[in-house]
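Dear colleague,

My notes on it follow directly after.

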Amino acid sequence: MSIRPVKHESRATPTMEGAGVKLHRVFGFGDTSATDPFLMMDDFRGDDPSDYIRGFPWHPHRGIETITYVLAGTVEHGDSLGNQGLLGAGDLQWMTAGSGIMHQEMPKGDFSGKMHGFQLWANLPSSLKMTAPRYQDIKSADIPVVIDDDGTAVRVICGDFWGKSGPVDGIAAEPVYLDISVPPGKTKRFPVDTYRSAFAYIFAGSGSFRDASTPFGVKVEKEFMGEELNIRDLSGNRTLVVFDTGDEITVTAGEKGIRFLLVTGKPIKEPVAWHGPIVMNTREELMRAMRELQNGTFIKADH
């Protein structure tokens, strides 16, 4: 077995989307070869409703799949085909936009105003860009949880892992999507397909995905006694870790444990031409989609 080395680490960056939702972009809108077939990921969380309550009003999608995973609060969604629903804590929606859909997502905090969720975009191969749109709404209770003897817990959202299969199926990239919690000080190895792209996104606690003796974190500047120091931030929070090749990843949890998403997928290796949430293979296809948006033929009702 070969441990995947860390290829790249970065911090999610603050940005604003929708009608004024403050969030952190984990990756996206740049070179996506390292995360292919995944194009973008956002981490939206906050305790102040004014940061997220304006939500993501009506907007188009084509050529991709969007994966929305809610940890706190709710997200109400609706679309141009008449579908609507509500995602609560622990719920997930896997939407295949395919040939095109108009939809909206409106977040709302829990009783204390807290909201937290993730949205991941997965590319569709050219052969499925114009497939019929579909939804998979998954309730928290339907997501299997595997707990190891040392207390490590894994929610299997998509794919096969430790003898369990996630409820999401029929996805082009054949992804594995896991929500993993490792107790303080524990070192764990997790199998991954050698030929898949793989990344981890830490959203609680800290840990090392390298040799146990190597401090984990991203170099940041901090001020101490009036001086700017380059140090390693050991929090791990909002850190993306992209892995190189191998068939296992290893993690050693910090003193408060670690919780992260582990995502792998089969690379598509096709050209990407995109304008926001419309992702095609060529500029010509992209321009056609934009014309259809303008002339009212974007939604393919004949599916």
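A residue is called buried here when its relative accessible area is under 20%, and exposed when that area is over 50%. Please bear in mind that this is a predicted model.

By that cut-off T96, at 5% relative accessibility, counts as buried. T96 belongs to strand 9, which covers residues 92-96. Leaving out residues up to four places away in sequence, T96 touches I64, E65, L124, T131, A132, P133 and R134. Of these contacts, E65 deserves a separate word: T96 and E65 are 31 residues apart in sequence, yet their C-alpha atoms are 4.3 Å apart in space. Their side chains are also joined by a polar contact of 2.6 Å.

G185 has a relative accessible area of 53% and is therefore exposed. G185 sits in the loop between strand 17 (176-182) and strand 18 (187-191). Apart from neighbours within four places in sequence, G185 is in contact with T252, A253 and G254. Between G185 and L39, which are 146 residues apart along the chain, the C-alpha separation is 33 Å.

I also looked at an open sheet of 4 strands, with antiparallel pairing and the order 5-10-7-8. Strand 5 (56-61) and strand 8 (84-87) each have a single partner strand, so one side of each lacks a neighbour in the sheet. From one strand to the next, the twist averages 20°. Strand 5 and strand 10 (residues 101-108) run antiparallel and are joined by 4 bridges. Within this pair, H61 stands opposite I101 of strand 10.

With kind regards

How values were computed:
Residues are numbered from 1 along each chain as its sequence is written. This is a predicted model: local features need pLDDT of at least 70, side-chain atom pairs count only at pLDDT 80 or more; totals for chains, interfaces and linings use all residues. Side-chain values use heavy atoms; hydrogens and water are left out. Helices (H or I, at least four residues) and strands (E, at least two) are DSSP runs, numbered from the N terminus. Buried means under 20% relative accessible area, exposed over 50%, partly exposed in between (1.4 Å probe, protein chains only). Contact means heavy atoms within 4.5 Å. A polar contact is a pair of N or O atoms within 3.5 Å; within protein, one must be able to donate a hydrogen and the other to accept it, and residues adjacent in sequence count only if both atoms are side-chain atoms. Two strands pair if DSSP finds at least two bridges between them. Axes are lines fitted to C-alpha atoms, for helices over the stretch in contact, and angles run from 0 to 180 degrees between N-to-C directions.
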